[in-house]
Amino acid sequence: ELITAAYELGVAHPPGYPLFTLLAKLVIGLFPFGSIAYRVNLLCGLLGAAAASLLYYTVFRLSGSCAGGILAAGVFSFSRLTWQWSISAEVFSLNNLFVGLLMALTVHFEEAATAKERSKISKVGAFCCGLSLCNQHTIVLYVLCIVLWVLFQLFKGKELSFGHLLKLGLCFLAGLLPYLYLPASSYLNQARWTWGDQTTFQGFLTHFLREEYGTFSLAKSEAGSSMREMLLSQVTHMKAELSFTVPALAIVAWLHTAMQAKQEKSSMIWLFTGMLCIYSLFFAWRANLDITKPLFMGVVERFWMQSNAVVAVLAGLGLASLVSVGNTVLENNRVLQCVEWLSAAALVISQIYANYSICDQSRNYVVDKFARNLLSSMPPDAIILLRGDLTGNSLRYLHYCEGMRPVVTLVDQEMMTYEWYLPKMAKHLPGVSFPGRRWNPVEGILPDGTLTFNLHHFLKVNKHKEAFVCIGLNEGDSTWRKSYSLWPWGSCDKLVSSGTVFNPGEWLRLTRSIYNWTEDYGRFDPSSWEAVANEEMWQARMKTAFFIFDLAETASVSPDIKSQLYTFAYNSYKEIINSHKNHPVNWHKNYAIACERMLRLHKVDVDPEVLLSETVKHFLLYTEKAEDDPQRADILQAVKHLKKELQGLRKMKTNLNRQTV
């Protein structure tokens, strides 16, 4: 989404990220190699490297220890989380850069010898504080801490005049100038993908304050984990990410500072500690996502990088403190210097060793292949109704940035419910008719005069085009059911007129090899989008068989037709199960139920013993792997009964054979 917004010079999701968007657009134009995505990923790598250098600078200026600086920069940069989000197009590496920059400028301000130098640094710092807020807003807590500390220092030194305060305010506002990009882009309305209408002050504020997500919250209307659970997870995660030694060294820095109250630059350590505590407490309070779900944990953990950066700096200072104490006791023993360097090198090398294989994404094209498969499967001139981040963002990137399948049209389901979407984007969706200016299950005119339409009306005015939904339809509007049905089309579904006759054999043939997917099942981290994409593609293999089985269960058809549907579903399930050794656990359950239904049919060509045996086998395999299924006890009870039936059937066969002999 961020890459597409930059390529199109549109506006990204709230709060807009204008600085990242403009930097990414610059890099897309300047770098002459690689795909559009590769260029922006490379930009993030460069920003991450710059962030590391600033952490090194901060520790070195505070302690004079090169080894401490290397430790801080290395353990932070080569932690899994930082490494992972410094090689993909996201705003976190730029945020890490600003965290390092603000800490480095604060140290520089503390070291300044004259009032003139402090005045100059404070103005540069005010500008950088404003500029940092043009990226990720979580840094505002660090900005507040640093601004209050700097103002206090200036006031204490009698250097804070009204004129100087005014200049600092102007420098801060100058840093916010990239936000002018938002109304400019919105006014020009040339981007085929953008978010929101910032041409009015209210529209700008809505976007800037993230009102569509919930201001000061990660998500809108989500019931998340408790503050205590969030803090405990952060501490556990920090130990896993940075190793136990790094937080321990940070504690050493605090203890050393507390024992030596008159230590030069001790105020820096307390300032950084205050920043860490305030940020961690505030984020744990406002991060309203359930971190017991792997995907949500993946969303939340990215924001812990901001606190990890401070912990890494404190750890570097802690190492320098230990060496300083050792030198005092042992009178500058050179062995200590070797130990300091070896300790820093060992910790950094251990991070690289532990995380390189995880973070090596040079051959990761999973989401790219996912989107290419979906787009390639669509017929020309189709309308694709997108839903969710995975399909929406990946398909838009390929469609707009790489020009793939220009003959199809992408329409976002969720965005159609926003008041700004169609007035701004309809002109960029040629050939698609919209019978109003906003999607709403209840058609009519809203109090503000907006004409709404439902999905049934939308499909009716676009009946000359084939329509697909990827993935799933908005549950709030069921009007389409009047005249349409959903037929499986890989991970997506096709909206088909209710009068169309369904031919199970033909539909199985059409969808059997709709995708070319070779990724092994379960090989990705459950918290990653790769895992989501892989799961969707694997479940797509079984989707048509499941649809036919469900049709046999629910459709009002003759017994012969019902028998044919069950047979088609059974044969398809059997073929898929036998083709893949490792597959989603729910396939066992689906296949077992299909075998059980076949047992009820008469005049089938399958041996009942085989069907019973397969039913028992796959129900047992399912219960072994799906221990959290609330129906597990009932399934096991059914298996006991089925085993008795199987034994009785085998006994009866044995008796018949003896009689025959």
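1. A disulfide here is a pair of cysteine sulfur atoms within 2.5 Å. The model is predicted. By that cut-off, the structure holds one disulfide.

2. The bonded pair is Cys470 and Cys492, with sulfur atoms 1.9 Å apart. Cys470 lies in strand E6 (residues 467-470) and Cys492 in strand E8 (residues 492-497), so the bond ties together parts that are 22 residues apart in sequence. The torsion about the S-S bond is about 110°, which makes the disulfide right-handed.

3. Cys66 is partly exposed, at 30% relative accessibility.

4. Cys134 is also too far from a partner: the closest cysteine sulfur, in Cys128, is 11 Å away. Cys134 itself is buried, with a relative accessible area of 0%. Cys66, by contrast, is partly exposed.

5. Helix H9 covers residues 162-175. The expected span is 1.5 Å times one less than the number of residues.

6. Which residues of H9 are buried? They are His164, Leu168 and Gly175. These residues cover an arc of only 40° around the axis, so they sit on the same side of H9. Among the elements that cover them are helix H7 (115-132) and helix H8 (140-156).

7. The other side of H9 has exposed residues: Phe162, Leu170 and Leu173. Exposed means over 50% relative accessible area.

8. Glu614 deserves a look. This residue is found in helix H26 (residues 608-625). Glu614 is buried yet has no salt bridge. The nearest side chain of opposite charge is Lys617, 4.3 Å away. A salt bridge needs a side-chain nitrogen of Lys or Arg within 4 Å of a carboxyl oxygen of Asp or Glu, so Lys617 does not count as a partner.

9. What does Glu614 touch? Not counting residues up to four places away in sequence, Glu614 touches Tyr591 and Cys595.

Conventions
Residues are numbered from 1 along each chain as its sequence is written. This is a predicted model: local features need pLDDT of at least 70, side-chain atom pairs count only at pLDDT 80 or more; totals for chains, interfaces and linings use all residues. Side-chain values use heavy atoms; hydrogens and water are left out. Helices (H or I, at least four residues) and strands (E, at least two) are DSSP runs, numbered from the N terminus. Buried means under 20% relative accessible area, exposed over 50%, partly exposed in between (1.4 Å probe, protein chains only). Lys and Arg count as positive and Asp and Glu as negative; His and the chain ends are not counted. Contact means heavy atoms within 4.5 Å. The arc is that of the directions from the helix axis to the C-beta atoms.
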